[in-house]
Each structure stands twice: as C-alpha cells, then as structure tokens.
Amino acid sequence: MENLIEIRWHGRGGQGAKTASLLLADAAFNTGKFIQGFPEYGPERMGAPITAYNRISDTPITIHSNIYEPDYVIVVDDTLLKAVNVTAGLKLTGAIIINTTKNFEELKPFLNDYAGSVYCIDARKISIEALGKYFPNTPMLAAIVKVSGIMSDEEFLKDMEGSFKHKFAKKPEVIDGNMKAISLALQAVKKVR
Amino acid sequence: MSIRERLSGNEAVATAMKQINPDVVAAFPITPSTEIPQYFSTFVANGAVDTEFVAVESEHSAMSACIGAEAAGARAMTATSANGLSLMWEMIYIASSLRLPIVMSLVNRAVSGPLNIHNDHSDAMGVRDSGWIMLFSENNQEAYDNTLMAHRIAEHKDVQLPLMVCQDGFITSHSIENIELEDDEFVKNFVGTYRPEHYLLNDKEPIAVGPLDLQAYLFEHKAQQADAMRNAKQVILDVSQEFEKLTGRKYGLFEEYKLDDAEIAIVCMNSTAGTTKFVVDSLRAKGIKAGLLKVRVFRPFPGEEITKALSHIKAIAVLDKADSLNGIGGALFEDVTSSMFVQNIHVPTVNYVYGIGGRDTTADQIESVYADLAEIAQTKNVGNPYRYLGLRKGDVK
C-alpha cells in the first residue's frame, strides 16, 4: 500500500458523511487509485454521531479494519467536537477539517492539544448559497480534496460533474447547485493553523 | 478483458447474479444481505435479466421456492444472513439431501441473540455440516469470482450439491473497493446452460422428489451425499484452474501467503485474511518469518492439503470468528487440528476466537497473535489453547 492516505469522517446521521466518503472513493478511483470507502454502521438514526472511512492508495489495499491513525479527519458538524474525540490518533503530519463558523481560539479547547494543521470552512453558508438547503457533505468533500491534494481542482470538478449526472439522473435540477457548492468550497476552505 | 470497476461486496454479488441470469431468484430481505435482492429486483424490473423473482414472505419460503425451482429443472439463487439462514434451517438440509445445486450468497452476520446486525461467522458455522459446499471470500473480488464459479461446481455431475458463497457483512458487503469484472458474454459462456439429469418438468421421465426414505435406503443416500462432498474438491480445483486460465485470477482450496518459508502462521477466513496479509508484510520487513493460510473452501474441508501446507510451521494460530460454545474451541480450529492429528503431524496450535458481533479486528491485534506464536515456537509451550482476541476484560458485568 504505497502512498496510502487514510481519512476518517465524523458526521451526524442524515448529513451525508457516508455519501461523501463514497463520492471521495469514486473520485479517487477515477484518477486510477485503489480505494476503500466504508461507513461504520451503528444504531442508525437521524442526528446520531456516525463515522465513515476512506483509504486511498497507489497499490491494492488488503487491510480490512477501521482507521485508528488517520492522515485526515473531517468534521461535518462542529457540535460533534463536544461529543466525540475527533482528533483521536490523528497524525501530526495530517490535518483536521471542520465545518464551523467558529475561530481557532474557540475550537482549540476541543482539539485535545492536537498540534497538526487545522482547516475550517463554513459549509452551511456555501450550501445555502449554492443549493438553498443545508447539505454540508458536498462542500466538505471539496474541502478534503483541496487540503489532501488527492487530485487537482480541475480533475475533481470534471469528475464530480460526471458523478452528479449519474447520481442525480432523476433530479438534474440539483446538479448545477452541487457543482457550485464544490467550486465555492474549493476556494473557501482556509488553514487557521 | 477485465473491466476496472469499484463496487461494494453486495454490488459485486448482485452484478454476478445479473450476469448469470438465473431462472429463479427467491429472497427475503435481511441486513446486511438486503441490498443483493434489492439490486437484483431492479435488474428484473429494468429487464436486464429474465429471471422469475419471487418476493417471498420469509426465508423459509425463499429456500422452499429455490428447492421447488431447482427440482423442476431451473437454476435458482438466493441471498441471506444470520437469522434469515436460521429460518431456512429445515429447508437447508432438504436442499442438499435432494441434491439440488442451489447457489446462495451468505453475507455473514452474528446470529441472535442478543440482537446484533454485525459481522461474525456464527451463521455459516451453524450450517457447516448441512451438506452445502461453502466458499469464503476475502473481499468483493473474491465474492464476485466465487459466485461466477459457483454453478459450475454445484451443478457438476460428480457433485450436485448446493453451494454458498460467504463474505463478511458490512466489512466487505458495504465497503466500496476496486474490482475487476468480466463482461456479460464471458460470464454467460463460462457459467453455461443448466442441463439437469433428472428434473420434475421432464415429461419423458416422471420422477418423485423427496419421498419417504426409511431404514432401507437413507443411510446409503447420506453416504452418497458425503461422496459428492468429497468429489467437490477436485471439481473446485478444475473449475478454478479454468477460471484462472481465462481471467488470470488464481484460486485453489486455500491461499498460501508467504507460507513456504514461514515459521509462524495464522489460519483464518474472509476479510481478516486481508488484514493479516498487511501484518505479514510488515513483520517480514522486520525479518520475522510470518505466514498466512487463508481457507477458501471450508466445505468440503481440505484437511490433507492444509496439513501438508502447515506441516513445516513451528507454531500455528487458527482464528475463529464464531465461538462454538462447546468448551473445546472453534470450528475451524477443530477441523485444522483434527486433520493434522490424524495425519500424525503435530505442530503447537492455538485457537483465537475473535471479532464476535462486529468487534473490529485490527492490525495490532493480528500482530499480537504473531508475537504469541513467536513465543510458542520458542518455548514449545501452548499454554491455554482456547483464547480470545480483542475481548475486553473486567468492565462487562
């Protein structure tokens, strides 16, 4: 498993963290990578904390366990910071990406002295602007692609257009909005430390 | 030419079923296998297959419908998990004793109770002596390939037994991973047309299926079933060899991973074998001679071949993802150790019951097993052979 990147998603049931992890797997697959995208199923219910994972590698992936030392953590809902130890095992060489309107000083008490990079994005604002509704997963997907550099912005945009055309074949009216959400998110994600 | 794709384990099996285009699929939804009949029913609705899809009211009926269809001369498939398989119990034995080559996808899950939807092998282990051929799959690719090979094995004239393809619930069934698919034409040609020797809808040969079978014949019929199960081993090897020639993907009765020169080895099945390969690689990088034997064909159990492959090992750990609650050890452990014993091969061997009810099995846990084995190899002292891996102690009342 060369150049293995491991990613952990924290979201709440209904926010689409699982879907985002599958879309990320899709996008990386389309660039020729070996991928895994899988959720950790618990008592599934709207609003409950959920975890999903990605592995992305240049060579076949054989390991089949959850991810305990991720390179990147994505927090789709900042209310989870109080409920879940989101930085557990997170590599110092990696980063955490949080959907929030809070500044770094407000976030710091919840990061358990994590000393690596911290990125923030207001996925709510982007989603409302682009889609008129709150679906944080698409902006967060764009954020992780930008921060991890798994692929270029251009490759990603091109690939997502194809994916959305397939995924929303019966709801074509949401394709433009999702593409807009991605474009905005690629610009909006900011390193706060 | 294989097609590069990414699919979950359930999608992979549903795709194989679409390409096989069986005459009948009868199934009832149960987590984590639900997606298989769900996807398949859309193939039926879209006209991608011309299968008769029977949305039955229970798993007992699902297996009954498959039995009826196969007895009539049709090719029948189903999918289930855990308690769904439990509800089929009566019909599972009838399917095998009537020598009906039904193919089932078993997405392994813990059998209740208490209620648990996650992966272990307690469902499969409950039917291990029911006369079904049982193939285990490390990942989506193997679940797909095993399904493509299933009918060729089950329907072979020397076999004529039902077959189940197992994979780990959620761990592989719901994980999207890379996969190489074959095209529809290849599958159609490879699987071929089902031509049963005897079947109910043959008006040239009126037969009875499943009549009373008392003291005079049942014993002989059971011995024939056992013969068929023994015959299956060679048929599996032949079909796998043909499959390898056509696809380049090699399958045997089991996979030996860096086992040739290994001193310590793990024996296990399904997705944990993949995690074990990862650990073997990292131990090899440190100069530790670790190896893996991954069982693909659990029924018929290739005892002689496994014994031969393990005879040079200094200490062995057999990992069971179901506790047999029998005071002596798990099913795979019993099969491996008794096979070795009767062939007079004595290697210190321990059993680890692991991953029960979906408890995640980590690379660190597997590494700890190899550390235990290194010690056993050195001291020759097995200690307690019936162990647990990943079991919490002290906080469960």
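A residue is called buried if 20 or more other C-beta atoms lie within 10 Å of its own, exposed if 12 or fewer do, and partly exposed in between, with C-beta atoms placed from the backbone. By this count Phe170(B) is buried, because 24 other C-beta atoms lie within 10 Å.

The model is predicted: local features need pLDDT of at least 70, side-chain atom pairs count only at pLDDT 80 or more, and totals for chains, interfaces and linings use all residues. Residues are numbered from 1 along each chain as its sequence is written, while chains are lettered from A and ligands numbered from 1 in the order in which they are written.

**Domains**

Chain B is assigned domain 1 (3-247) and domain 2 (254-389), with bounds that come from an automatic or database domain assignment. The centres of domain 1 and domain 2 of chain B, taken over C-alpha atoms, are 28 Å apart. To their contact, domain 1 of chain B gives 29 residues and domain 2 of chain B gives 20 residues; residues are in contact if their C-beta atoms, placed from the backbone, lie within 7 Å.

On the side of domain 1 of chain B that touches domain 2 of chain B, the elements giving two or more residues are α5 (122-126), β6 (133-136), β7 (163-168) and α8 (218-247) of chain B. Helices (H or I, at least four residues) and strands (E, at least two) are DSSP runs, numbered from the N terminus. The largest share of that side, five residues, comes from α8(B). By class, that side of domain 1 of chain B has 13 nonpolar, 10 polar and six charged residues. Here Ala, Val, Leu, Ile, Met, Phe, Trp, Tyr, Cys and Pro count as nonpolar, Asp, Glu, Lys and Arg as charged, and the others, Gly among them, as polar.

Strand β6 of chain B contains Met134(B), which counts as buried because it has 24 C-beta neighbours inside 10 Å. Leaving out residues up to four places away in sequence, Met134(B) touches Ala124(B), Arg128(B), Met164(B), Cys166(B), Phe298(B) and Arg299(B).

**Backbone features**

| Cis peptide bond | Omega |
|---|---|
| Thr31(B) to Pro32(B) | near -5° |
| Ser112(B) to Gly113(B) | about 15° |

Pro32(B) is in the loop between β2 (24-27) and α2 (35-45) of chain B, and Gly113(B) in the loop between β5 (103-108) and α5 of chain B.

Arg99(B), a residue other than glycine, has a positive phi near 60°. Arg99(B) sits in the loop between α4 (82-97) and β5 of chain B and is buried, with 22 other C-beta atoms within 10 Å. Phe170(B), also not a glycine, has a positive phi of about 65° and belongs to the loop between β7 and β8 (176-181) of chain B.

**Helix pair**

The axes of α6 (residues 140-154) of chain B and α8(B) come within 10 Å and cross at roughly 125°. Axes are lines fitted to C-alpha atoms, for helices over the stretch in contact, and angles run from 0 to 180 degrees between N-to-C directions. α6(B) and α8(B) are therefore oblique to each other; angles under 35 degrees count as roughly parallel, over 145 as roughly antiparallel, 65 to 115 as roughly perpendicular and the rest as oblique. The contact of α6(B) with α8(B) has seven nonpolar, one polar and two charged residues.

Key. Two residues are in contact if their C-beta atoms, placed from the backbone, lie within 7 Å.
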